[in-house]
Amino acid sequence: MQSCKLRPHHGLCIRFFENKGYSDSFTGNMAEVIRFLAEEDPEIAITMGADCICSPCPELSAGRCSLSGMAAGYDEKVMEICGLTYGQRMRWSSFQETVRVCITDAGRLYEVCGDCRWYGICGNK
Ligand code: SF4
């Protein structure tokens, strides 16, 4: 893995990940992506739609996400709050810091994804 397209709200999901997810292949891939980001601090491209975390997800079929409405809404909120643009490229560490400062440290996680099925985990950290 040399670089990574990342949809914006996954900057939050990565922060709170604790090996729970949609399937074993999904959690295994997500753990591998997180390891890569932490070790390599690659340039990431902020993308719309499926990314390197979505690829093995059972909710993704023929490139279409069954949860796309909710996920796209989370993405839009992150973009708006953090002042980012789709296609923007930046170091993973810079993206992670932006999301941390603008959303988690600012107490705005519920505003972004309060109706997510995993919020009970993420919102309590
Ligand atoms: S609540 Fe859902 S969308 Fe929000 S960080 Fe957690 S897993 Fe990601």
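The model is predicted.

**Helix α4**

Helix α4 spans residues 92-104. Its buried residues are W92, F95, V99 and I103. Seen down the helix axis, these residues fall within an arc of 65 degrees, so they line one face of α4. An α-helix has 3.6 residues a turn, so residues three or four places apart point the same way. S94 and V101 lie on the other side of α4 and are exposed.

What do the buried residues of α4 pack against? Their partners are listed here.

| Element | Residues |
|---|---|
| α2 | 24-40 |
| β2 | 43-46 |
| α3 | 68-82 |
| β5 | 89-91 |
| α5 | 109-113 |

Helix α1 is also among these partners.

**Residue T104**

T104 lies in α4. Is T104 buried, exposed or partly exposed? T104 has 17 other C-beta atoms within 10 Å; a buried residue needs 20 or more and an exposed one has 12 or fewer, so T104 counts as partly exposed. Leaving out residues up to four places away in sequence, T104 touches R15, V99 and L109. V99 is one of the buried residues of α4. T104 and L12 are 92 residues apart along the chain, yet their C-alpha atoms are separated by 8.1 Å.

**Around the ligand**

L12 is also one of the residues around the ligand. α1 gives the most, with three residues. By class, the shell has nine nonpolar residues, one polar residue and no charged residues.

Key:
Residues numbered from 1 in each chain as written. Predicted model: local features only at pLDDT ≥ 70, side-chain atom pairs only at ≥ 80, totals over all residues. Helix = DSSP H or I, 4+ residues; strand = E, 2+ residues; numbered from the N terminus. Contact = placed C-beta atoms within 7 Å. Near = placed C-beta within 6 Å. Nonpolar A, V, L, I, M, F, W, Y, C, P; charged D, E, K, R; others polar. Arc of directions from axis to C-beta.
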